[in-house]
Amino acid sequence: MDQLIEIMSRIRPDIDFMTATTLIDDDLLDSFDIIAIVGEVNHEFDVEINVNDLLPENFNSASALYELIKKLQEED
Amino acid sequence: MRDSRVLLKRVLSILEIVLITAVTAFLLGRALTPVTYADYFNHEMDLLEESGEEIDLLFVGSSRIYNSIDTRIMEEELGLDNVVDASTASQTISGSYYMIKDMIERLKPKKIILGLTCDEMVDEEKAQAMLLVIDRLSLRNKLEMFRHCFYGSDLLYMLDLYRYRDNLDDIFANIQARKELVENDYVQEDDGVAYYCYKGFVYAHGSIKTGNVPMYTKLVFSEDAILDRNVEYLNKCIELCKENGVELELFSAPTTVMRMYYTDHYDEAVEYYQKVADENGLVYHNLNYLVDRETFLPDEMMCDYSHTNGEGAKLVSKLFAEILKKEEAGEDVSEYFYPTFEAFCESVHRIVAVDAKIRKEGDAYDLELRSLQNPGVKVLYQVETENGEVLIPWTEETHHTISKLTGQIKVVARSGDDDLGRAYQVYDLSNYE
Amino acid sequence: MNVASFLFLFFVAAVVFAYYCVPPRHRWLVLLAASIFFYCTYGIPHVAYLIISSLIIFFGALAMQKASSQYANESASLDKQEKKQRKEALKKKKKKISRIAIAIVLGVWIVLKYTNFMISNINAFLPGDGISYVSWIMPLGISFYTFDLLGYLIDVYRDKYEAETDYLRFLTYVSFFPHIIQGPFSRYDDLGRQLKQEHRFSYDQLMEGATRILWGFFKKLVVADKLAVMIAAIKSSYTERPAVFLVFAFLMYSFQLYADFTGYMDIMSGISHILGIKLAENFRQPYLSKTVDEFWRRWHITLGEWFRDYVFYPLSMNSMAYKVANYARSHWGNKAAKLLPSYIALFFVWGATGLWHEADWKYVLWGYVNMLIIMYSMQFADTHLKIRQRLHIKEDSLFWNLFCIVRTFVLISFVRIFSGSESITAAISYLRYLFSGSLFVAVPLSELFVELKTSEMIVIIVGIIMMIAADIWNEKGQWNDIRQKCPMLLRNGILAMLIISIILFAGGENDLLGGFMYARF
């Protein structure tokens, strides 16, 4: 989880990913941020997040994203 | 209780919007309405109505009528109190009907003389022309004419705000003009061009040299082209006068000889009106067929290609008054007129008009020449510069090309033996870039 | 049926009346009938395209849904290995169905829209006259409903929601007349869902909607149409005018586009609002954007979101993109890995966006200039940050914000020279005169507003000020507050003045029947 927050903070140092829960709903992340985050996450966690997973419930908070990563790792 | 208060508030709010819109529309509309002949006309008619007077003789028709009938002379010559001309520019026959209806209701004219040319019967109704009549009607007749003659988005013209919205930039000048109208007691000053003179008569300045009338707007008359709607309204005019015991007479006001020659089947139009008159027991005179008009009503008595000027109006009115008096006394007035178009044409000893259609082709100008004259006359053309230098000497050929020229050219037409009057036109080549 | 006409107003009034007379359960049927009728007024052959496209997508989605449901029912009783096999088979089947459906529907649109474009490109290489052009008519709104349909199909493919089982309901969504001609692009789980709900009459909704419609007509008929006259006049005479006119023209063109497009959106949103339906917003105070990238998230929002969800994300998040990212990371570092997939995806997105607007190279160029500006600011984001820090420029200072807003507005307006000109050559000619001409020429304001009367100029300026004020209030979230605090008399007075302005200024050469600029897409 810490690793994930570190990744996200590198891409957007101005957002507090520990507490933010409306990353998508409040437009805090734009599409480039998402691509960048997904790219790094795929590389670091060895998963393949694809377009179908781009739902607000998966990206609104760091913990939600972490849940998605765990789920994808399990499926493999 | 609360519901009804809410409802009341909502209704009031909507009413407020409607009211503000209506009041603004009305005030702005008034401010935008320019001063027109209708203002002078309406004022004079109001005065007549107030003093309980009635109209002895009423003229109705288009601008050709209000330019050629001098109402002052008519009153004087005929010994009448009130001769009124309720003509408006490009008046449609439906407009004439409503004008007649309105005048009968308000000022009970004893006799009406309805002016007709050939356009009224074949033309579609134009909103702008009909609005000029609407401006002179009582409220009830205004609404009736809107209901019967205006369709679709033209109904927006009921709003002065919409009708005159193009005047928005001049709104202050307009308000000033309205103020001056009242200050001058509804008398229009002579501006040297054309001005409202007296009871509908519009005095026009300007004079065209003989042979210099431009060939404008070819008209075509044919019985097939006559619109049913126009016939319907002409019949309504005749019916209305009959019902109200008003004597009706038909006439065609004088125009240029060019206009007569440049109307296809002009004689058929005249015959058509004669037929209508005969069928209804009415008198019809075509003042264009007045004998010796070439002498006393030359092109110089016209202010443009279609209308008489003030001087011409004086002559026409005097003569027409004389004819009306004789008719009144039961005398035969046919000697005043040529019996046919052919007979009239025999009195025309000139080339009536000449025209050049000019088109720029690269560095040169392409000229297409044509002219109006009696049949059988051989025509020769010459083209000169403004200094008199001859570019194209006398020739029958009508198609020419002239090159590398600026400034003006003059096109002259003469008969083969040069025994007839010449016609000419001057053109500024810079207009044809 | 032209939207800017009394006939249309009468049509809307009739629809609203019928809508609320009918029991709430059946109100959607009124919308369906009205929408089909509305579309038919543009030509019955056009309706055929609409029906056929919608049928293909409808049945395609249903087929995929059926396969998905079958898998869901059976998979519960299967072991992991079989489950995986079945899942693969399902994926294959869904892919096949969606590919066929998309190929047909998208193919029809591409053929109708781009055949002449392709012919003209081929003809450039052929001697003589080349191939003759086709004269097929584009059904109205096809660029919008085609994309709505594709989005729906892809959403069902992605299991975002279940396929619709009632074709008439589906057709109501596709043909919904307020959004069919010029958008906004609507998602089925938004608009489709709303169309299924029962809507009650609300007086407030009626008044809010009517106000919005009035405001929209004012912007379109008064501000946009008059500006169009002025800009057309400058565009046709720019070779004879000092450069200050050319600058003025491309800046004012932005206001014309804004007034025209948002005017139309306001009319359609207002109508929907009266019917109890909220159409997606297409604009969010775009000219207050501080960067070009932000601008494209505030202008024609639904178009950007469509391309983002159905082109940008799929392109930048597939296995090929990851390979590219890895390659970039190992050769050029993390920053390249982060940016390169986005750049590649952007290349396709902006080419497609340009072409979507018009089958013309000038729009492709316009798209790529926008893209280059965005890429430039992404590439040098950290450098710019350092420069700002060096110059001690505070991010939240008024000066900096104003600078960014003006800079963005000028850039966007400038790039529109490409899309707003007749062709690329015309645009280049315009630019040449722009940069070589005299800028500092004193021109009285009324002369700058070429071909317009003083009264028209005044009403345009007032209109633009009103639009800017409304945008600033909306941006600050103060709009509702202002509206409530506004005295009733003032509010009603303004509405009355809008009506008076429309009577005074609407029409002219356009004759109350001017078309809307995006309708030809």
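Predicted model: local features only at pLDDT ≥ 70, side-chain atom pairs only at ≥ 80, totals over all residues.
Visitor: What does the secondary structure of chain C come to?

Guide: Here you count helices and strands. Chain C comes to 22 helices and zero strands.

Visitor: How should I read the overall form of chain C?

Guide: Start with its extent: along its principal axes, the C-alpha trace of chain C spans about 80 × 70 × 60 Å. Then try the radius of gyration. A compact globule of 521 residues would have one near 24 Å, and chain C has 25 Å, so the two agree. Last, take the contacts in chain C with a separation of 6 or more: 76% of them are between residues 24 or more positions apart.

Visitor: Can we zoom in on two helices? At roughly what angle do the axes of helix 6 and helix 8 of chain C cross?

Guide: For a helix pair, look at how close the axes come, the angle, and the handedness. The axes of helix 6 (residues 167–175) and helix 8 (residues 188–196) of chain C come within 10 Å and cross at roughly 115 degrees. That crossing is right-handed. Helix 6 of chain C brings R169(C), T172(C) and Y173(C) to the contact, while helix 8 of chain C brings Y188(C), L191(C), G192(C), L195(C) and K196(C). By class, the residues of this contact divide into four nonpolar, two polar and two charged.

Visitor: Now the chains together. Which chains have the most contacts between them?

Guide: When several chains are present, go pair by pair. Two pairs of chains touch, and the most contacts are between chains B and C. That contact takes 16 residues from chain B and 16 residues from chain C. On the chain B side, helix 1 (2–32) and helix 9 (160–163) of chain B each supply at least two residues, and helix 1 of chain B gives the most, with nine. The side of chain B that touches chain C has eight nonpolar, four polar and four charged residues.

Visitor: How many residues of chain C are in contact with chain A?

Guide: There are 17 residues of chain C in contact with 13 residues of chain A. On the chain C side, helix 12 (301–316), helix 13 (319–332) and helix 14 (334–357) give two or more residues. Helix 12 of chain C has the largest share, five residues. This side of chain C has nine nonpolar, four polar and four charged residues.

Visitor: How many Å apart do the closest C-alpha atoms of chain A and chain B lie?

Guide: They lie 37 Å apart, and no contact joins chain A and chain B.

Visitor: What domains does the assignment give for chain B?

Guide: Domain 1 of chain B is 33–344, and domain 2 is 353–432. Their centres are 36 Å apart, taken over C-alpha atoms. Nine residues of domain 1 of chain B are in contact with eight residues of domain 2 of chain B. The domain 1 side has six nonpolar, three polar and no charged residues.

Visitor: Let's finish with one residue. Why is Q382(B) classed as partly exposed?

Guide: Q382(B) has 18 other C-beta atoms within 10 Å; a buried residue needs 20 or more, and an exposed one has 12 or fewer, so Q382(B) is partly exposed. You'll find Q382(B) in strand 12 (residues 379–385) of chain B. Leaving aside neighbours within four places in sequence, Q382(B) is in contact with V390(B), I392(B), P393(B), W394(B) and V412(B).

Definitions and conventions. Residues numbered from 1 in each chain as written. Chains lettered and ligands numbered in written order. Contact = placed C-beta atoms within 7 Å. Helix = DSSP H or I, 4+ residues; strand = E, 2+ residues; numbered from the N terminus. Nonpolar A, V, L, I, M, F, W, Y, C, P; charged D, E, K, R; others polar. Domains from an automatic or database assignment. Axes fitted to C-alpha atoms, helices over the stretch in contact; angles between N-to-C directions. Left-handed = near helix turned anticlockwise from the far one by under 90°. Rg over C-alpha atoms; globule rule 2.2 N^0.38 Å.
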